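I opened the model today and kept notes as I went. These are my entries, in the order I looked things up.

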Amino acid sequence: MKLFIKLVRDMKQSIGQFIAFVLIIAVGAFFYAGLVTYSHNLSAYTKVYFKQHQLSDLNVYYSQISKHDVAGLSQLEGIQKIEGRYSFEATQAFADYKASLKIHSIPAQNEINTPTLIKGSLPSKKDEILIDSHYAKEHQYDVGDQIRISTNERNLKFTISGLGENVEHAKKNETQDHKTYGIAYIAEEAIPEIVNGFSYNEVMIDAKEGYDIDQLGKSIEVQSKENRLAYVNQVSKERTFNYSQINQTIHNNNLMSKVIPLVLFFIEAIILFLAMSRNIDSQRNQVGIMKALGVKNRSIMLHYMGYPLLASLVGSLLGCAIAAIVFIPLVTESNARAYSLPGITFTFSLYSIIPPILFSSAFGLLSCYLSGRAILKERAAQAMRPKPPRKMKKLLIEKVPGLWSHISYSYKLILRNIFLNKQKALASSIGVAVSTVLLITAFGTQAALLKVVNQVEDVYTYDLRVDYKIGTAADTLPLPSGIKNSYFLSTFPVEFIKDDEKENATLVVTEKENNLIHFFDENDQKIFMENNGVLVPKSYADKHHIVEGDVIQIKFIAPELANKTVAMKVLHISSQYSNPSFYATPAYVKSLGLDYSPTSLLVEANSSTDLMNVRGFFEQDQHVDTIADKDDLKKSAQYMLKQNNFVFIMFIVCAVILSFSAIYTISSINIYERNRELATLKVLGYQKNKINRLIFFENILLTTFAILVALPISRYMYAVIIKALSSTHQQIPDQLNLFVIGISVILAFLLTALSNLLLRRKVTKINMIESLKSVE
């Protein structure tokens, strides 16, 4: 009990240092508890959700396929269940914009990709429709309302039978835009109203457990071609946008929940090692007395281990409590924007507290053991004597003729102190270096996301993009006056093939002279299209190791291009942060034996007044399907920035707290270890300001060294974070700019200066008589 009272007294005497430790541990526990709760809850929910609603293992697409042919495919080995349906795109017109709807037919006995009903019932009549609840909320629809849609030049009217969500569209698109894009389901009886006759164009397959999906896909393709079915393409569950995005999120958060806390607890271990060495050294006399009184070494060690244990317990509880109050509500809101997962909740588990306590305690106990084992080996009489001053050898700089004599006495003191305690100076620098790495990584990632948004202004300089209806000969239609520049283009859905890997992509075909779209390489230098190759997005090039001059395989999956695969030469690698696409000229596409007919038009108006007239002209043109402006392209980048904004704000705040805690603790330890030297200076008449300046310059020197070490490490850490956030469909700049590095470095120095200001009173309170008592 007496040892516990002594422990409490020791903590009260260095309460600032104890708070700094608690904050470091709290930051680690905060990130661990928040990220683990998010990834574990999301993982557990999606596993159950996908299984309960039978997410299809394989989707096979046809131009058309009959019920009889679908039944024939069901006999293939490996198929548990099979269902056919008809899927199509439709539009819905509103006052000032159009919305797209992805519509699927739903069989009466639906067992694959079953919807979750939020309200109402499934469609059972040909004039009934089920729409997704988010789309309904945006447009204030309810059960019983009527909606009108357009598809294949037909206008159809449906009555909303229900609102729901579907497991196959938990992630609709990159921006999860519910206003201009929705999902709907109709009864099979409505198919003849859309196409002449009754047929499907998609087959959903639930495979037998453990069966090889790739092998099953090959069997279906072979049988389809043998039976002369209008086979188009197939996509496995793992390759769907919906499934891959959710699992990528789970993986990234799970990885970060392990890496970030470990790094923070490692910093804690370094600083705690320094602090405990200081505490035990300062209490040599007390350790000697305890040994003389018969207290066992084990009890003495356990007494000092109480310090890191209490810090770990308080820090972990504090961090987890803040995570439950702050992180969980924010991540719940973020997830609601990112995915359509009905009924998901993020509940903080008390078990999440255990790992931070265990890991931080383990690091703390190890640090305490390493710093205290030497003194416990000493005899009681030896421990009760003050520790003799360490011998100082000549520095290398002292051996340089004439150089040492020109250095001021203050700087000589700084250099001698650093080299006298090389191990502790190095450990101090590591703590500051890791903190600086976190600052640079946090600011760099935030700046990169801002650059993604801003690149849209540099790449796309058109005012309007006009998409024409299918079958329209866009290049034969008249254009209004007031247009400064205009260029045609076509967008093809394609499949990028590399060895056994396949990935969905987009190929944009436009004129070589098109100056309304600009392209840049990784060094932000302009590049241009030519008639002898294709521009490849850097996101695809990085993932699949593509370089200029390579030949890549592109498969056209649009039915009108008959599933044709062509080999294309890589002309340039293009940095495209938003909506990365492959780009080629009409001349190059035609040289590969493909037909090209423009489907869209990019327009630049003479002035803002002319732009209004031009837009009005196209809005009245019956051949026009949709009109979009440049701001629509910003949505994807802004959405990603908004989704990750709160995480990086918290990351920056935590990095600042961590840096300050580390620098404050290290500076505090540095002052203690120089008590005798500083007391001597005070006795010799050194002014308080001079002594404070001496400590400040030494800390600045250590911070400078730490920053120089941190800079190359920061590049690696930044690259790891960017790789985790990037995908082939979203490139993020992977280069740190000087502004970000400069801000982080300035902040590190400011935190050093702030910690020195707060520690000035420690210098003032140095007891000169006590400090000068020592073995000479």
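This is a predicted model: local features need pLDDT of at least 70, side-chain atom pairs count only at pLDDT 80 or more; totals for chains, interfaces and linings use all residues.

I started at I325, which lies in helix α9. Helices (H or I, at least four residues) and strands (E, at least two) are DSSP runs here, numbered from the N terminus. I325 is exposed, with a relative accessible area of 65%. My cut-offs are under 20% relative accessible area for buried, over 50% for exposed, and partly exposed in between (1.4 Å probe, protein chains only).

Residues are numbered from 1 along each chain as its sequence is written, and side-chain values use heavy atoms, with hydrogens and water left out.

**Surface patch.** I325 belongs to a nonpolar surface patch that also includes I15, L318, I322 and I649. I noted about 850 Å² of accessible area for the patch together. Patch residues have over 30% relative accessible area and no salt bridge; like charges are joined within 9 Å, nonpolar side chains (Val, Leu, Ile, Met, Phe, Trp, Tyr) within 5 Å. A salt bridge is a side-chain nitrogen of Lys or Arg within 4 Å of a carboxyl oxygen of Asp or Glu. Areas come from the Shrake-Rupley method with a 1.4 Å probe; for residues, only the protein chains shown count as cover. Which element gives the largest share of the patch? It is α9, with 5 residues.

**Record check.** I looked up UniProt. The unreviewed entry places "transmembrane region" at several stretches, including 306-328 and 694-718. Such annotations may be inferred rather than shown by experiment; positions are in the numbering used here, and feature names are shortened. Residues 306-328 are 100% helix, with the end C-alpha atoms 31 Å apart. Residues 694-718 are also 100% helix. Their end C-alpha atoms are 35 Å apart.

**Whole chain.** I logged 22 helices and 22 strands. Of the 776 residues, 53% count as buried. The accessible surface comes to about 36,900 Å², and 57% of that belongs to carbon and sulfur atoms.

**Cores.** The largest nonpolar core has 94 residues. A nonpolar core is a set of buried Ala, Val, Leu, Ile, Met, Phe, Trp, Tyr and Cys residues joined through side-chain atoms within 4.5 Å. F31, Y304, Y307 and L341 have the most contacts inside this core. Its largest share, 16 residues, comes from α2. Apart from it lies another core of 41 residues, among them L76 and F158. I then checked L341: its contacts (heavy atoms within 4.5 Å) include L42, Y45 and A170, leaving out residues up to four places away in sequence.

**Single residues.** Is K538 buried or exposed? K538 is buried, at 8% relative accessible area. It sits in helix α14 (residues 538-544). Beyond residues up to four places away in sequence, K538 touches E522, I573, S574, S575, Q731 and D734.

E77 lies in the loop between α3 and β2. E77 counts as exposed at 60% relative accessibility. E77 and Y211 are 134 residues apart in sequence, yet 9.1 Å apart C-alpha to C-alpha.

I ended on backbone angles. Q140 is not a glycine, but has a positive phi of about 55°. Q140 is in the loop between α4 and β7. R228, not a glycine either, has a positive phi of about 55°. R228 is exposed, at 79%.
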